[in-house]
Amino acid sequence: MKKIVVDGLKYKYPLSEALALQDISFEIEEGEFIGIIGKNSVGKSTLCQALVGLVPHFYKGAYGGKVLVDGLEVRNHSIADISRKVGMVFQNPFTQVTGSKMTVYEEIAFGLENSGLPREEMRQRIDEVLRLMRIEHVKDHSPFDLSGGQMQRMAIASIMAMKPDILVLDEPTSQLDPAGSEEVFQAIQDFSQQGITVIMAEHKMEKIAQYCNRVLLLHEGRLVDFDTAEKIFSREDLKDYGVTAPVYTRVCRALGVKKQGCDGYPVTLEDAELALRRSFA
Amino acid sequence: MIKVSNLSFSYSPAGPSVLSDINLEFDRRTTAIIGQNGAGKSTFVKLLKGLLKTDQGEIFIGDYEVKMKTAAELARQIGLVFQNPDDQIFKRTVLDEAMFGLLNIKIGKSTAERLAVEALEMVGLEDKLAVNPHDLSLSEKKLLCIASVMAMDTDIVIFDEPTIGQDHAGMEIIRRIIQELKKKNKLVMTIIHDMDFVAENFDRTIVFNNGKVLLDGETREVFSQKEVLMEANVEPPGVTQLAERVGLKNTILTVEEFVQECGK
């Protein structure tokens with residue numbers, strides 16, 4: 001089932017001359033885990049915001065084309081309606097924090113309160129996401145006393161608690177150490193395996209390669225390619241888009257070792273190991 | 001250049017110790033500080049910069065004990081780029097922000113402007129002098145913070161996670177700046193989570209774990225000690241792991257080294 005359909009989307013921020021998004025079309029199936037890559041300021045965050053309705057409802061500006069999220073046309077529905085289907089984790093957790101709550105626990109409750117959930121259900125969900133994101137020990141702290149990494153975990157927890165059908169994340173692990181970011185990726189993958197559709201803008205190419213079903217490459221507001229990680233990271237012209245392939249792909253490309261049964265180079269540690277062992281043998 | 005002896009620190013007298021019994025000396029090698037969130041890395045560099053005061057132990061920069069100097073005096077010697085740019089930025093334009101430190105150490109206005117613009121050119125923000133810093137993207141804000149500290153031309157430059165939110169182009173700018181500072185014989189110290197970047201750019205690596213120094217040495221030597229790194233929950237760089245898995249003998253730090261080793 002098509003969970004997201006974007007058809008000829010064009011968008012220009014108010015006071016800006018250039019289009020931030022130019023004629024973008026793609027479809028995403030239910031339960032897919034999609035990575036959005038590209039250099040900074042090519043429209044990754046704008047595209048994320050177009051999926052949750054902040055573009056155009058919050059930012060205004062000129063808008064053309066269509067975005068359908070689980071059948072709802074984003075343009076014709078309020079952010080409140082859309083928020084019941086799609087949750088978004090902001091790039092900077094500091095901007096996502098409401099500022100109106102005294103503790104991490106209450107902060108996570110914010111969205112749930114606003115959607116009128118019964119108290120018991122709220123408690124259950126909050127406890128679950130606190131555990132999942134491993135921030136139980138700071139649940140009574142003020143959101144502003146957290147470290148960058150803890151705040152980012154709280155930001156993700158607040159959205160996961162809403163149990164959206166579709167989860168949009170904008171560089172959700174930028175503040176985390178490698179072990180923490182692996183943990184968060186695994187938690188998101190668990191979500192995705194429960195059938196939730198996940199869309200993530202990210203610069204950590206090794207992670208994109210490891211976790212995403214398909215990768216969407218953006219450049220100057222246009223969609224360049226939307227394919228498997230092997231296909232995208234094996235493109236000869238990847239550098240022109242300001243993207244570096246995972247280190248495993250770069251090693252295999254330099255040695256001319258392709259992935260077995262596929263025309264591209266390996267993109268993960270495991271695949272690179274397999275391919276290299278075969279070529280050394 | 002910096003000598004740290006028997007340093008311990010906690011945020012409150014009764015609280016848990018964040019750093020305990022740190023002994024380190026810094027020379028002019030580029031140095032990466034790695035370790036998990038909460039290991040004490042940021043606290044450590046704030047102590048070096050005099051933003052926090054030591055509980056126990058001493059920190060000497062050259063002949064001076066850090067505790068005896070004011071933050072303003074230290075500003076001429078040691079620059080720190082904060083982890084969160086919003087903690088550092090507060091002026092109305094990019095140029096004012098980059099000039100702020102210079103004006104505070106009583107540099108004349110025209111010189112300050114020249115130095116600030118030079119630093120902004122290094123990070124590629126020279127066409128945004130009049131822009132309000134809060135309208136910049138996260139990665140641009142980080143570059144502005146780097147430029148503001150670069151402009152001060154201090155002997156010691158510390159970065160706290162400079163590569164957050166940077167794309168390939170941003171990473172290249174930071175790489176160039178580190179090389180440039182090294183050429184000028186300055187001490188560059190960086191807290192960082194990107195191990196591949198560490199392997200490619202830093203001579204020395206120090207691993208913090210639970211407020212203690214777990215490993216300290218040449219980067220290659222540090223990344224060859226997989227088991228000890230695991231204690232600190234740190235994985236060697238991807239390319240190092242791949243080399244080990246396919247049975248290359250030496251500790252590999254870059255793609256080029258990997259390819260060379262295979263050609264042997």
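Reader: What makes up the secondary structure of chain B, in helices and strands?
Author: Chain B has 12 helices and 10 strands, where helices (H or I, at least four residues) and strands (E, at least two) are DSSP runs numbered from the N terminus. This is a predicted model, in which local features need pLDDT of at least 70, side-chain atom pairs count only at pLDDT 80 or more, and totals for chains, interfaces and linings use all residues. Residues are numbered from 1 along each chain as its sequence is written, and side-chain values use heavy atoms, with hydrogens and water left out.

Reader: Why is chain B called as compact as a globular protein of its length?
Author: The radius of gyration is taken over C-alpha atoms, and the globule rule is 2.2 Å times the number of residues to the power 0.38. For 264 residues the rule gives 18 Å, and chain B has 19 Å, which is close to that value; therefore chain B is as compact as a globular protein of that length.

Reader: What percentage of the residues in chain B is buried?
Author: Buried means under 20% relative accessible area (1.4 Å probe, protein chains only), exposed over 50%, and partly exposed in between. By that criterion, 55% of the 264 residues in chain B are buried.

Reader: How do you know which residues of domain 1 and domain 2 of chain B are counted as in contact?
Author: Contact means heavy atoms within 4.5 Å. On that basis, 17 residues of domain 1 of chain B are in contact with 11 residues of domain 2 of chain B. Domain 1 covers 2–77 + 156–234 and domain 2 covers 88–153, with bounds from an automatic or database domain assignment.

Conventions: Chains are lettered from A and ligands numbered from 1 in the order in which they are written.
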